[in-house]
Each structure stands twice: as structure tokens, then as C-alpha cells.
Amino acid sequence: MAAAMAVRALRALPHIRIPALPASCSLHTTPPRLKTRAARVRVGKGDKAVTYEKAHPPHYIAHRKGWLSLHTGNLDGERCAAQRAVEDSFVRRFLHGTFPGCLADEAVLKRRSNSLLVCLLLLRRLPPSKLCFLLGYAETLLSHLYKCPVRIEAQTVPDAAVYKYL
Amino acid sequence: MFQFEKQAVAENMMSAEIYYQQVVTSSWGSLNTSDEISGIHTVSTRRRGRMSQLIRSHIPPRTERMAVDQDWSSVYPTAAAFKPASVPLPIRMGYPVKGGVPPPKEGNLELIKIPNFLHLTPPAIKKHCAALRDFCTEWPSALDGDEKCEQHFPVEIETVDYVSAGTSIRNPKARIVTLRVKLSNLNLDDHAKKKLIKLVGKRYCKDTDVLTIITDRCPLRRQNYDYGIHLLTVLYHESWKTEAWESEKTEEDMEEYIWENSSSQKNALDTLLQIKATENVSNVTKEELLASEVVRNYRNSVIALKNEGETESNMSQYKESVKKLLNIQALP
């Protein structure tokens, strides 16, 4: 909303030109186009399969999308929201690296008092023995890192659920 | 920590079994296969250590083998994420595409994001209550009403414990202790009560006769509790003492209006004496006047006006008493 208004305001301004010096060329400029690009998959030819998560930009959170990370830090009068955010971002990067190419969708992190529950949707790319090992490895390492019980609940899907094609 | 059935997996790698079947039947129940095509069992092949040789076994989800009268509390014994293969409900969640329907439950992240209460069905809660009953004790039968509780335990202590999701259990708000006591339960005489009310100021509520002491100046709850009890003790003992300077209490310091030795008494008596003098009645003493009923009435009405404020009944009572005092019958 604010971005659209800024764009309209800037477009109302005349073109910004460098004053023409004698025996020099002038620059042709276009008005700056401010487009929010955060967490948006741009519309393409119609061959890009996107999941529900990717198809909805962030302004649909709390309207069509839920939250990927649930904890009490963001409630009124509660502390340590920043620490939870840092932990979340680390856990997501860690999982992205531990299960290369196997994550069908974003991990959902739920905190229940001290424990961290990681809900994963995995593709069936790895043999179960390797998958089991990686899940155990991730649980143990994260528990030791954060000094709290970490449990991973994994579900495997044949393919990532396609919501629409952009 | 996870329970890892090494034996089962080792067997799996050696023998020609279907991998995902083994995973489902292993003791690690958290790994679920979400299946759309049911009933297709591919032929097993020996693992050659390459991704392309992996078989994709399509085992029907557990929901198809669930009886209608199964014990649901064994499917969801504790709080867990939504598992589409374990919940036999045709749930759809999400905003539908144009001309379409909301996405199905398989691989649906929205259903996993939300907290669910599948582990808290009424039969499950009944089981919890039955298990907890062994740890509960009966309420003492002697305390069967609020008045009895107040009579035996006049001092109420209120503390708050805070639970939040995170690795830290500390919350600075947890050290605050609130102490509540009714002054009628304390052994105070008139002077002590007035002095105590003056000492505590805003902490006393006149409507409910409750003294509230909130302590948070110490870092620990126990210390704040001790300080609160100490304050109550000190207030009680100090209010019973009478200091030398308390005799200098002036009319402005009085909590309620006292008619004796006030300007109203003086004025009324002077007026009555003057009236008596003009009527040439024999000298009546002040005590006689004070004891007379008209003056008593006037005194009561003035006290009521000053202490309770101006109400219809108070004003009319004052009017009647003044009329009687000055003996004016004619005016309405």
C-alpha cells in the first residue's frame, strides 16, 4: 500500500535530468519503479509449479497463510522474541543443508515450553536408512546446540503439493 | 533422542524387502508415508546404492485400516503435528484456486502449521482425570464456605507464575507478591484503625475494607513475600502505638466529622442561648441544651451531611431539624 503510493508520487514528479552542459550529452532517465519483491514468485509463462506457501506473498499471512514458527515471544509483555527468531533462522538453514533437495516445503517450527518440534515435509529422494540417520543426527545436534529437547516429526510425500502454475 | 532400530534397517539393506514398509513398521513411529495411490505394491529389487534404483512403494495410509470404534487416544496420545495418513477425515484447508477447491490434506502445510487438539478428545481427557485423581487430596470438609476460609485464613497471598515457549524459565514479573487482608480481621481499635489507614494511604479500599500490599522491590519472590509480611507486622504494631505528636491532630486531619467541639456546635448553642435570653427564660445550661432532643437531631443531621454527602434524605432531615431548632413551624 505504502509502496504503491510512493510509486504514484514519484511518477508525478517530472523527469529528473542533469542540466544540459554545452557540448555534452544528456541522460535519459526513467522514473524509478519501486516494486516490492519480498517473498513473491513472479508470474511467468505458466510452467512454474508453486506450492501454497510460495504462491501467497507475505501480506496474506494471517488471512490465507498461517505462521511457520509458533512461539510466545511475540505476545504482549513476553520476552526473547529476537532470540527465538535467530534460533528459527539457524534451524531452517541447518535443515536446508542437512536434507539437500529433500525438503518439499518450509519446515514448521513449534515451541512447546522448552522443547522445539520441527515438522518436516520430505520428498522420497533418500533411502530410508539415510533418512533415519539424518533425522537422528539433526535431532541430536540441535538438542546439544540449543540445550533443549528437539523432536523432528517428518512426513514424506511423493511430490511437493502443487497449488498453481505461475 | 531417537530410538533407532539398527537391526531392522541392517536387515533391510541386506534382504530384498520393500524399504518403506519397513520404515512404517519400525518402532520409530514419527516417519509416515503419505500416499495418494493406494494398492500398488512394486516388486522388490536389491538395492544397488544408486538413487534411480530406489523403489517407490505405495502403501495405503494407515487411515484405511482404522476401525470406526478404535481407541483414538492411542493414535494421538500427546500433542503432535497433523499427520494426514493418521487422521481419517477428508479435510481440506487453504484458499481455493479460481474455480477450484481448497487443497487436500496430503502435503498440506497449513494443516501442519496450526495447533490441533486431536490429543484432547473428551475420552482422552477422562483418562487424564482418572490418572490424576490418585494424586489429588480432598478439600478439607471444615472449610465449606468463603466465610470460613476468610475466618481461618484472613491473609491472602497472590503470586503469578509465567510460562512461555523458549529455553529460559526466568520472567522478572514473577517476583511480584500481592498481600490482601481485611482490616476487620485484624485486632485494631478505633485509633489504631484510623492510624493504619493514614499510614497506608492508597493501599486501603474503603468499600471492601481490604488492605492490599504489592511488593516487588526485591529480586526474589520469597524475599518479596517476607518483606510484605514484615510490612504488615510493622503497620499493625505501629498503629497501636500513640506517639507524642499525635495529640496535635487538628480538625483538618480528622477522617470523619465530629460535632463535639466544632464550630457548628458552638454556633447552635450560641443561637439557642441568645433566643433563650431574649425570651427571658431562666438560665439553661449548655449540658441541658446539648441533651435536648432538638439539638440531638440537629447534631445527627449535620454529621450525616458532612460524612455521607448531600442526599435527598440528608437534606430533608437537616431542614426538619433546623426548623425544630429555631421553632419555625410556619414555613413549609
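Me: Which residue forms a salt bridge with A:E53, and how far apart are the closest N and O atoms?

Reply: B:K113 does, with the closest N and O atoms 2.7 Å apart. A salt bridge is a side-chain nitrogen of Lys or Arg within 4 Å of a carboxyl oxygen of Asp or Glu. The count between chain A and chain B is 1. This is a predicted model: local features need pLDDT of at least 70, side-chain atom pairs count only at pLDDT 80 or more, and totals for chains, interfaces and linings use all residues. Side-chain values use heavy atoms, without hydrogens and water; residues are numbered from 1 along each chain as its sequence is written, and chains are lettered from A in the order in which they are written.

Me: How many residues of each chain are in contact?

Reply: Contact means heavy atoms within 4.5 Å. Here 53 residues of chain A meet 48 residues of chain B.

Me: What is the area buried between chain A and chain B?

Reply: Buried area is the accessible area (1.4 Å probe) that two parts lose on being put together, summed over both. Here it is about 4300 Å², with 59% from carbon and sulfur atoms. A:R124, A:P128 and A:Q155 supply 15% of the area that chain A buries against chain B, more than any other three residues.

Me: Is β3(A) mostly covered or mostly open, and what stands opposite A:K110?

Reply: Strands are DSSP runs (E, at least two residues), numbered from the N terminus. Buried means under 20% relative accessible area (1.4 Å probe, protein chains only). In β3(A), 4 of the 5 residues are buried, leaving the strand mostly covered. A:L70 stands opposite A:K110.

Conventions
Buried means under 20% relative accessible area, exposed over 50%, partly exposed in between (1.4 Å probe, protein chains only). Two strands pair if DSSP finds at least two bridges between them.
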